[in-house]
Amino acid sequence: MTDLYKLVDKLEEEKELSLEEWTRLIEGQSSEISEYVFSKARKAREPFYGHEVYVRGLIEISNICRNDCIYCGIRCSNVKVNRYRLTKEEILSCCRSGWEMGFRTFVMQGGEDPYYTDEVLCDIIAAIREEFPECAITLSVGERSKESYRKLKEAGAERYLLRHETANEEHYRMLHPENLSLAVRKECLFNLRELGYQVGAGFMVGAPYQTARHLAEDMIFLKELNPAMVGIGPFIPHHDTPFADMKAGTLEQTIYLLGLIRLMLPKVLLPATTALGTSDPLGREKGMEAGANVVMPNLSPTEVRKDYLLYDNKICVNEEAAENLRSLKARMEAIGYMVVCDRGDSKNMEN
Ligand code: SAM
C-alpha cells in the first residue's frame with residue numbers, strides 16, 4: 001500500500017513511470033489511493049488552468065461510417081441506425097447558435113463518411129473560418145491521409161481528435177475489424193502532430209478484454225505522443241453491437257485514470273466526457289474533481305441527436321443546446337468551477 005503512495009509521489013515528481021510501475025498503480029486502485037491522486041491532480045492543474053472549465057460545442061455532423069469498430073453503435077454493419085448527415089448550412093447554423101450562446105470553439109465529429117471528401121470538408125471549414133474568425137475549429141472525423149490533413153489545416157482546422165483506442169496491438173485486434181490497424185492509427189496521430197494540429201488522443205476505460213497492463217501501455221504511449229488533449233471515457237455497451245453483453249467501464253476507474261493523466265501531463269486538456277456523464281449522474285463533476293478541465297456540450301440539431309448513439313443511454317439527447325449549457329454552468333459553479341467562453345487553447349504544446 002505505502003508502495004502505491006510512493007509511486008504516486010514519483011509520478012508527480014518525475015512525470016513518468018515504467019510499464020511495471022504503471023501496471024501496479026492501475027491494479028492497486030482503491031478509494032483511498034484515488035483521493036490521494038485527485039488532490040495532487042487538482043494541485044497540478046491549478047497553475048495552468050485554475051478552476052476554469054473550457055467548453056467545446058460538439059456538432060455530430062454524420063453518423064454514416066465506412067468502419068465496423070466492434071464496440072461502436074454507428075458501425076457500418078448496424079443496419080438499425082437511421083443514417084443522417086448534416087449539410088453545410090445546417091452545420092453553419094449550429095455554429096451560429098453556438099456563437100450566440102458563447103461558444104468559441106466548435107468540434108465537428110462524425111463517422112468516416114465518404115461524402116466528406118477534402119473538397120467538401122475544406123469548403124465547410126473555410127466557411128466557418130470566414131464567419132467565425134475568432135473561433136477554434138476542431139475535427140474528429142477519423143483516419144485520413146497526411147495530404148488530406150494538410151489540406152484541412154490549410155482551410156482553417158487547428159485541432160484534431162483521434163483516440164488511439166488502445167496502444168496494445170493484440171487488444172486493438174480484439175476491438176476492430178481486420179482492415180483497421182494500430183500502426184495506421186498511430187501514424188495518423190504523428191502526422192497530425194507534425195502538421196501542427198493540437199492533437200487529442202485517448203481510449204475507452206473498461207473496453208472489452210482490457211487489462212491493467214494495456215492501460216499501462218496507453219499511459220506510456222500518451223507520454224510519448226505528448227498530445228494537447230486526452231479524451232478518455234468509460235466503455236458503454238450498445239445493444240446492437242457484438243459487445244452488447246460486455247460489462248461497462250466504471251466511473252471509479254475512469255476518474256482514477258483522469259487523475260493519473262493529469263499528474264503525468266499537467267498542462268494537457270482533459271475533458272470530462274459525455275460517456276462519463278452517462279455512467280453516473282455526477283460523472284462530469286467527479287471528473288473535474290479528479291483533474292479534468294473541459295466539457296463538450298452537444299450543439300447538434302435535436303432532431304438528429306437520437307441517431308448519434310455510440311452507446312446506450314447517452315445523456316442530453318433531448319435537451320436543447322442552450323439548456324444543456326445552462327445546466328452545465330450551474331453544475332460546475334455548484335462545485336466551485338467556472339465555465340469560460342474562450343477558445344481554450346492547450347498549454348501542452350511543446351512539440
Ligand atoms: N470516427 C471518428 C474516430 O474514429 O475517431 C470519430 C467518431 S468515434 C464514434 C468517437 C469515439 O467514440 C471513438 O474514438 C470511441 O472511443 C468512442 N466510442 C465508440 N463507441 C463507444 C462505446 N460503446 N462506449 C464508449 N465510447 C465509445
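The lining of the largest pocket divides into four nonpolar, three polar and five charged residues. Here Ala, Val, Leu, Ile, Met, Phe, Trp, Tyr, Cys and Pro count as nonpolar, Asp, Glu, Lys and Arg as charged, and the others, Gly among them, as polar. Among the lining residues are Arg66, Glu112, Asp113, Glu143 and Arg144. About 200 Å³ of space lies in this largest pocket. On a 1 Å grid over the protein atoms alone, a pocket is an open set with protein on both sides within 12 Å along at least five of seven lines, a cavity is a set of points where a 1.4 Å probe fits but cannot get out, and lining residues have an atom within 4 Å of a point. A volume is the space filled by probe spheres set on the points, which are joined across faces, edges and corners.

The model is predicted: local features need pLDDT of at least 70, side-chain atom pairs count only at pLDDT 80 or more, and totals for chains, interfaces and linings use all residues. Residues are numbered from 1 along each chain as its sequence is written, and side-chain values use heavy atoms, without hydrogens and water.

There are three cavities of 30 Å³ or more.

Now the ligand. Its polar contacts (N or O pairs within 3.5 Å) include these:

| Protein atom (N or O) | Ligand atom | Distance |
|---|---|---|
| Tyr71 backbone | nitrogen | 3.0 Å |
| Arg185 side chain | oxygen | 3.2 Å |
| Ile236 backbone | nitrogen | 2.7 Å |

The protein covers 92% of the 560 Å² of accessible area that the ligand has on its own (Shrake-Rupley method, 1.4 Å probe).

Conventions: A polar contact is a pair of N or O atoms within 3.5 Å; within protein, one must be able to donate a hydrogen and the other to accept it, and residues adjacent in sequence count only if both atoms are side-chain atoms.
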